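This report looks at metal sites and pockets. Follow along in the structure shown here.

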Amino acid sequence: MREHDIDELSFDDYDELRDPRPEDNGFDAVVDAAMSRRGFLGGVVAFGSGAAVMGTTFLASEAQAANRFGFNPIPTSTANTITLPEGYEWEVLVKWGQPLWSGTPDVDQATGGTAETQARAFGDNTDGMAIFAKGDKQILAVNNEYIQNKVLLNNREDGKAINADDVQKMKNAHGISILEIEEGANGWDVVLDSEFNRRITIDTPMELTGPAAGHDLLKTDADPMAKTVLGTWNNCGNGETPWGTYLTCEENFNGYFGSADAEQELPAEFKRYGIKTKSRYGFEKFDDRFDLSKNINEPNRHGYIVEIDATDPTSTPKKRTALGRFKHENAETVLAADGRVVVYMGDDERGEFLYKFVSKDAYVEGGSTEGLLSDGQLYVAKFNDDLSGEWIALTPEATGMTAEEICIHTRVAGSKVGATTMDRPEWVAVNPLKVEAYCALTNNKNRGLKTNAGGDETPVGGPNPREANKFGQIVRWRPVNGDHTDTKFTWDLYVMAGNPTIFDDDRAGSANVNTGNMFNSPDGMQFDSKGLLWIQTDGDYKNEGDFAGQGNNQMLIGDPATGEIVRFMTGPNRCEVTGLCWSLDRRTAFVGIQHPAADFPDGPGTLPRSCVVAVKRTDGGVIG
Ligand code: FEO
Ligand code: CA
Ligand code: CA
């Protein structure tokens, strides 16, 4: 692969390229069993002829399906713009490089700006986001997951940093942007110079909390107590707590570390997390913190969930080690009947696991929330082929690891208890109208072919029923006693994505996928207030081969009660549609457009700018 193409890769694909899993030919018995299961499930799922894995609710109530969507679904698109159904409109709310404070120029098209302008502007590669109220003000917190280095460093050959200032600019484009927004006669705008505007970057001090805080594996020369860590990066999905704080999720944190010593021997646990001596952006050449030969423990301080009070610009973000360390996608939070806090979390890598955290104490309105995400029990999911499943507690007894080690080397703990290797768990969404949760399993080309990085087998079957899964699926589960703290659940597949214009086997997708709504690689997911599931895609947008006719990445809306799924939005060329929240009056949906193609959104000849768009009904009605 040419260097140019490598720069265009998503972080997940970059990881796979530099750290390929071994071909796994040693599990003939597993594969044989899997093949027979696949034959069974494939037939049922693809043609909807029976019960097994597809949601029984869907099959039972298909005939009564009513159009709860209120719009005419749109076709796929290959246009370099956003397309919406008739009766809807969009505008850009904020884009990469747009100043949050006056006195800072808009992004310089020739250079991509400077470290200083970037520190005062919206970050790159928008992702998860949430909106918070403070009085009558609306404050938006947005993840800036990673960077388009060839755009950001448009003044450098191949987007490569040549000095510390370039690295500082790259760091300042990461993290979280917090901005007050308001709707006026001319639509939505950023409130320049708002007291709430804030940039959190790779260098922002934050507090380590929970069991791993203070542990030897987290100590560095700069922080011998392992209590204060600098920064957060590769912030992917998000969550919101019942007490109004923002949760941001550190995903592919590993790719930022390198070593001046290419032959350096690294700890065994680094392999599981894909930490290597070569980094993606070369920070280690200009900042020792990212050089493993000088700071071997720095990677252990990242890969967590971070809690931020977006309504207090002076607050210190808190890394919550109790929620485990892995490639965190999002953190879907729900209160159980007894007030305990349940957080569902996916680990987005091929063959990694799905997790759940349950707080020790209950949330009490107005009470202290400090311990709720620091003290509790972490679980990992095991799915059985008979549509049952259980949450296995990651305890010292079950894993042979200390409580601190479980929080730091969480993947290893999951392997020790035999968790189910999944097809890349992306966002989890909890249905507000029913005690059930959904997780997007985006795709997994290694399913049935290669182990995960810990050597765990990835047999075809259960919620991962297709070998070399190219299209992805959405699994859902229901706690047996209707309580999210339960350790037993039942599960089914809400949808298996596919391409019914090319295939007539299980690659055609499940019965609720058709030529009118097909898609690949479900990723972002949120429920709206009406209990409809909004599904965003981050998949193959080449519109050819197995993906012919599927066009650009898109956003669909599903009805969990009927199984029906319809297309609501198509994004511009090359983009991923990711991140979703609503204005406080629910008349605007804010949608993230990450890494679009050149010319979007500013027109011909302009740099591509990742952006958040505001989508409204033209009649001003409630949107979701
Ligand atoms: Fe950042 Fe797994 O998506
Ligand atoms: Ca994602
Ligand atoms: Ca993805």
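Glutamate 329 and glutamate 426 are both buried, that is, under 20% relative accessible area, where over 50% is exposed and anything in between partly exposed (1.4 Å probe, protein chains only). This is a predicted model: local features need pLDDT of at least 70, side-chain atom pairs count only at pLDDT 80 or more, and totals for chains, interfaces and linings use all residues. Residues are numbered from 1 along each chain as its sequence is written, chains are lettered from A and ligands numbered from 1 in the order in which they are written, and side-chain values use heavy atoms, with hydrogens and water left out.

**Calcium sites**

Donors are N, O and S atoms within 2.8 Å of the metal (3.2 Å for Na, K and Ca); water is not among the atoms, so sites may look incomplete.

| Ion | Protein donors | Distance | Spacing in sequence |
|---|---|---|---|
| calcium ion (ligand 2) | Glu329 (OE), Glu426 (OE), Asp523 (OD), Asp523 (OD) | 2.3 to 2.8 Å | E-x96-E-x96-D |
| calcium ion (ligand 3) | Glu426 (OE), Asp523 (OD), Asp538 (OD) | 2.3 to 2.4 Å | E-x96-D-x14-D |

Glutamate 426 bridges the two ions, which lie 3.7 Å apart. Glutamate 426 sits in strand β18 (residues 425–430) and glutamate 329 in the loop between β12 (318–320) and β13, so this pair ties together parts 97 residues apart in sequence. Helices (H or I, at least four residues) and strands (E, at least two) are DSSP runs, numbered from the N terminus. Glutamate 426 has a relative accessible area of 1%. Aspartate 538 is buried too, at 18%.

**Pockets**

A pocket is an open set of points on a 1 Å grid over the protein atoms alone, where a 1.4 Å probe fits, with protein on both sides within 12 Å along at least five of seven lines; lining residues have an atom within 4 Å of a point. A volume is the space filled by probe spheres set on the points.

The largest pocket has a volume of about 1300 Å³. Its lining holds 48 residues, with Glu8, Leu9, Ser10, Asp13 and Tyr541 nearest the centre. By class, the lining has 14 nonpolar, 15 polar and 19 charged residues. Ala, Val, Leu, Ile, Met, Phe, Trp, Tyr, Cys and Pro count as nonpolar, Asp, Glu, Lys and Arg as charged, and the others, Gly among them, as polar.

The second largest pocket has a volume of about 590 Å³. Of its 24 lining residues, Glu240, Glu332, Thr333, Gln526 and Phe527 are closest to the centre. β13 gives the most to this lining, with four residues. The lining of the second largest pocket divides into 12 nonpolar, eight polar and four charged residues.
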